[in-house]
Amino acid sequence: MRIEILGNKDDTSKDDIFKIKLKRAKQRYLRLVYPFDKDITELPNDNAREWQTQCAIELYNMQGDENVIQYSENGLSETRAKAGLSQDLLNELPPAKAGVPI
């Protein structure tokens with residue numbers, strides 16, 4: 001995240017914010033992929049961790065705009081659906097695991 005956002009892997013000035021965004025991204029992954037299984041608390045594999053990082057970067061970049069439903073200006077259009085994330089990022093998720101609501 002440091003390299004993509006700050007352009008410097010040694011800059012630790014935003015690490016606390018990055019940790020919060022990573023935690024939120026992890027929770028969104030678990031909530032979207034395992035909606036009925038609250039016992040799963042860890043990401044299952046490297047693909048999930050990569051998604052978590054990309055989600056955290058998206059959350060960081062859209063601070064304050066998380067709940068945009070639709071926005072259009074000068075040909076730029078932005079829509080957020082489920083979980084306040086872009087559809088491209090949501091499309092990378094595996095299908096939700098079936099279960100029985102508790």
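Q: In which helix is Gln 52, and why is this residue called buried?
A: Gln 52 lies in helix H3 of what is a predicted model. Its relative accessible area is 14%, and buried means under 20%, so Gln 52 counts as buried.

Q: Which residues is Gln 52 in contact with, leaving aside neighbours within four places in sequence?
A: Gln 52 is in contact with Leu 22, Ala 25, Lys 26 and Leu 43. Of these, Ala 25 is placed in helix H2.

Q: What makes Ala 25 a buried residue?
A: The relative accessibility of Ala 25 is 0%.

Q: What does Ala 25 touch, apart from neighbours within four places in sequence?
A: Its contacts are Trp 51, Gln 52, Cys 55, Ala 56 and Leu 59.

Q: Why are H2 and H3 called oblique to each other?
A: Their axes come within 8 Å and cross at roughly 120 degrees. Roughly perpendicular covers 65 to 115 degrees and roughly antiparallel begins over 145, so an angle of roughly 120 degrees falls between these classes and the pair is oblique. The handedness of the crossing is right-handed.

Q: Which residues make the contact of H2 with H3, and how do they divide by type?
A: From H2 come Ile 17, Phe 18, Lys 21, Leu 22, Arg 24, Ala 25, Lys 26, Arg 28 and Tyr 29. From H3 come Ala 48, Trp 51, Gln 52, Thr 53, Cys 55, Ala 56, Leu 59 and Tyr 60. The contact holds 11 nonpolar, two polar and four charged residues.

Q: How many residues are in the largest nonpolar core, and which have the most contacts inside it?
A: This core has 17 residues, and those with the most contacts inside it are Tyr 29, Trp 51, Cys 55, Leu 59, Leu 85 and Leu 93. Helix H2 (15-33), helix H3 (46-61) and helix H4 (87-91) each supply at least two of its residues. In soluble globular proteins, nonpolar side chains tend to be buried together.

Q: What does Cys 55 touch, not counting residues up to four places away in sequence?
A: Cys 55 touches Ala 25, Leu 85 and Leu 89.

Q: Where is Leu 32 found, and how do you know that Leu 32 is buried?
A: Leu 32 is in helix H2. Its relative accessibility is 15%, and the cut-off is under 20%, so Leu 32 is classed as buried. Its C-alpha atom is separated by 8.2 Å from that of Leu 93, 61 residues away along the chain.

Q: Why is Asp 37 called partly exposed?
A: Asp 37, in the loop between H2 and H3, has a relative accessible area of 32%. Buried means under 20% and exposed over 50%, so Asp 37 falls in between and is partly exposed. From Asp 37 to Ala 98, 61 residues apart in sequence, the C-alpha distance is 9.0 Å.

Q: What makes Lys 97 partly exposed?
A: Lys 97 sits in the segment after H4. Its relative accessible area is 42%, a value between the 20% and 50% limits, so Lys 97 is partly exposed.

Q: Which residues does Lys 97 contact, leaving aside neighbours within four places in sequence?
A: Val 33, Tyr 34, Pro 35 and Phe 36 are in contact with Lys 97. The C-alpha atoms of Lys 97 and Phe 36 are separated by 7.8 Å, at 61 residues apart along the chain.

Q: What pattern does the protein chain follow along the sequence, and how much of the chain is buried?
A: The pattern is α-α-α-β-β-α, made of four helices and two strands. Of the 102 residues, 29% count as buried. Among contacts with a separation of 6 or more, 56% are between residues 24 or more positions apart.

Definitions and conventions:
Residues are numbered from 1 along each chain as its sequence is written. This is a predicted model: local features need pLDDT of at least 70, side-chain atom pairs count only at pLDDT 80 or more; totals for chains, interfaces and linings use all residues. Side-chain values use heavy atoms; hydrogens and water are left out. A nonpolar core is a set of buried Ala, Val, Leu, Ile, Met, Phe, Trp, Tyr and Cys residues joined through side-chain atoms within 4.5 Å. Buried means under 20% relative accessible area, exposed over 50%, partly exposed in between (1.4 Å probe, protein chains only). Contact means heavy atoms within 4.5 Å. Axes are lines fitted to C-alpha atoms, for helices over the stretch in contact, and angles run from 0 to 180 degrees between N-to-C directions. Angles under 35 degrees count as roughly parallel, over 145 as roughly antiparallel, 65 to 115 as roughly perpendicular and the rest as oblique. A crossing is left-handed if the near helix is turned anticlockwise from the far one by less than a right angle, and right-handed if clockwise. Ala, Val, Leu, Ile, Met, Phe, Trp, Tyr, Cys and Pro count as nonpolar, Asp, Glu, Lys and Arg as charged, and the others, Gly among them, as polar.
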